[in-house]
Every structure is written in C-alpha cells, then in structure tokens.
Amino acid sequence: QQFWSSGERRQLLDYVDRRASTAIDDRGTAAVVELRDKALAYVLAFTGVRGGEILSDPRDDRRGGLRWKDVDIEDNQITILGKNQRRETAPLPGQTHRPLEQLHRVVAPASEEWPVFVSHHAPSMYRVLPNGFERPEDDEQSLLDHCRALEVVPPALSTNGARNLLKRLCADGEIEVGGDKDYLTLHGARRGVGEKLYRERGAAAAQRTLRHADPKTTSEMYSHIETSENAENVTEVFGDER
C-alpha cells in the first residue's frame with residue numbers, strides 16, 4: 001500500500017508552492033485554483049485525514065466537504081465527519097495554517113458555509129447557480145464571483161476530482177513516485193502521516209492522529225516498522241557474533 005514518503009511529500013509541496021507563487025505574481029488574487037491546490041496538498045500531507053472527511057462524496061449526502069466554519073486555526077483543529085459517521089476533531093498542524101489563510105484571503109467566502117476546497121468544474125458550478133443564469137459575453141467575473149454576488153454556496157471538490165487533481169499535479173510537477181501507482185493517492189497521504197509519526201513518536205501518537213478506535217488497527221498497518229526495528233535490535237545484540 002502506498003504511503004507518501006518524506007521525499008515525495010517534499011517534491012509535491014515544493015511544486016505547489018512554486019506554482020502558486022507564479023500564479024500570484026501573474027494574476028494576484030485571481031490565483032484561486034492554484035492556492036486551493038496548494039492548501040489541499042498541505043492539508044493532506046500533514047493532517048492524516050481521509051479524503052472523504054474533507055471532500056464531497058456524491059454517494060453520501062452527509063459528506064459535502066470541509067467548510068470554513070469547521071476550520072479553527074487558532075486552536076489547531078478542524079471538525080470533520082469521521083469514518084464512524086460522527087462529528088469529531090482532527091489536528092491542524094502549523095504547516096497548514098499559512099496555505100489555508102492565503103486561500104481564505106483570495107476566496108473571500110461570502111459565508112462560513114462555503115467549502116474550503118471549492119470545485120471549479122464549470123458544469124458543477126452552473127448546477128448551483130439559479131436556473132436560467134447566463135454569463136454576459138463580455139463578463140470578466142469568475143463563476144465564483146457570481147456565486148458570491150448571488151449568495152450561492154459553490155460546490156465542493158469531490159474525492160474523484162481530488163484524485164484527478166493529484167494525478168495532474170504529479171505529472172506536471174514530474175514528481176517521482178515509488179510503487180505501483182504513478183501518482184500520490186489520497187489515502188497514501190494519510191498513511192504517510194501515520195508512518196512518520198509511528199517511526200518518530202510511536203504507536204500511540206500515530207493512533208491518536210489517525211483516530212483509529214482500535215490500537216490494533218495502527219499496529220497492523222505499520223507492523224513492517226516494528227519488524228524492521230526488531231531486526232535492527234537483533235543485529236545489534238548479536239553484533240559480535242558471526
């Protein structure tokens with residue numbers, strides 16, 4: 001199973017940083033998509049959340065994506081609908097704060113009900129706009145601007161949309177991805193967070209961050225780390241025997 005390694009994570013974040021900076025230099029506050037993609041990459045890379053907990057899922061009406069009202073940067077947490085179908089909090093590490101703040105400034109959501117990760121898929125945007133809405137030929141406003149003016153909540157990016165986005169980012173950024181997949185997956189981000197915590201802070205820290213109800217789930221997921229560490233211990237113990 002894929003997990004984002006430190007090297008893969010760094011490659012992706014370096015790329016979305018450069019891409020967002022270039023877009024800001026070129027278009028200023030119109031660099032909404034690039035800043036959304038940057039914020040999403042950072043949230044995935046450092047929080048350990050499941051994609052379905054922060055993105056919309058057309059198969060589940062309850063999963064409409066993370067909303068700005070659920071983001072609490074001051075207290076380092078977000079409120080999500082967990083796998084257990086209950087509302088719960090997940091950690092929001094400091095690495096995610098600036099990308100989210102940048103995104104909030106350029107999106108300027110009309111209400112806290114707006115999704116953090118807005119879908120900019122035109123057909124999806126038109127579906128939430130009033131029936132009969134038509135853009136003037138000389139219209140320079142974005143569909144997001146029209147959502148704001150008409151007090152319409154824009155659609156959230158879906159899990160499938162995010163998968164396609166990660167594929168594009170990895171291809172365009174020439175990210176070197178190990179394993180069977182040629183792109184970094186949503187769940188691979190979660191496993192990567194757990195892997196890093198398990199190695200450096202132990203099983204309990206990984207379990208708390210990933211919100212596994214049963215510690216056995218965490219241990220089974222990262223049993224390869226324990227096996228490797230045990231092998232190193234045995235090697236050390238028998239170091240003077242051949």
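Ser-119 is buried, at a relative accessible area of 7%, where buried denotes under 20%, exposed over 50% and partly exposed anything in between, computed with a 1.4 Å probe on protein chains only. The model is predicted, so that local features need pLDDT of at least 70 and side-chain atom pairs count only at pLDDT 80 or more, whereas totals for chains, interfaces and linings use all residues. Residues are numbered from 1 along each chain as its sequence is written, and side-chain values use heavy atoms, with hydrogens and water left out.

**Surroundings of Ser-119**

- Ser-119 belongs to the loop between α4 (97-107) and α5 (122-128); helices (H or I, at least four residues) and strands (E, at least two) are DSSP runs numbered from the N terminus.
- A polar atom of the Ser-119 side chain lies 3.2 Å from the backbone nitrogen of His-121.
- Once neighbours within four places in sequence are set aside, Ser-119 is in contact with Arg-36, Ser-124, Met-125, Pro-155, Ala-156 and Leu-157, contact being defined as heavy atoms within 4.5 Å.

**Two further loop residues**

- Arg-50, in the loop between α2 and α3 (51-54), counts as buried at 16% relative accessibility.
- The side chain of Arg-50 makes a polar contact of 2.7 Å with the side chain of Glu-53; such a contact is a pair of N or O atoms within 3.5 Å, of which, within protein, one must be able to donate a hydrogen and the other to accept it, and residues adjacent in sequence count only if both atoms are side-chain atoms.
- Not counting residues up to four places away in sequence, Arg-50 touches Lys-83, His-187, Arg-190, Leu-210, Arg-211 and His-212.
- Glu-151, placed in the loop between α6 (143-149) and α7 (159-172), counts as exposed at 73% relative accessibility, and its C-alpha is 9.5 Å from that of Leu-129, a residue 22 positions apart from Glu-151 in sequence.

**Chain and sheet**

- The chain contains 11 helices and three strands, and of its 242 residues 46% are buried.
- The three strands form an open sheet in the order β1-β2-β3 with antiparallel pairing, where two strands pair if DSSP finds at least two bridges between them.
- Because β1 (71-72) and β3 (87-91) stand at the edges with a single partner strand each, one side of each is left without a neighbour in the sheet.
- β1 pairs with β2 (residues 77-81) in the antiparallel sense over two bridges, and Asp-72 stands opposite Gln-77 in β2.

- Ile-54 touches, among others beyond four places in sequence, Leu-40, Val-43, Ile-78, Ile-80 and Phe-117.
- Helix α8 (residues 186-201) has 16 residues and reaches 23 Å from its first C-alpha to its last, close to the 22 Å expected at 1.5 Å a residue, the expected span being 1.5 Å times one less than the number of residues.
- The buried residues of α8 include Leu-186, Arg-190, Arg-191, Glu-195 and Tyr-198, and the helix is followed by Gly-202, whose phi is positive, near 95°.
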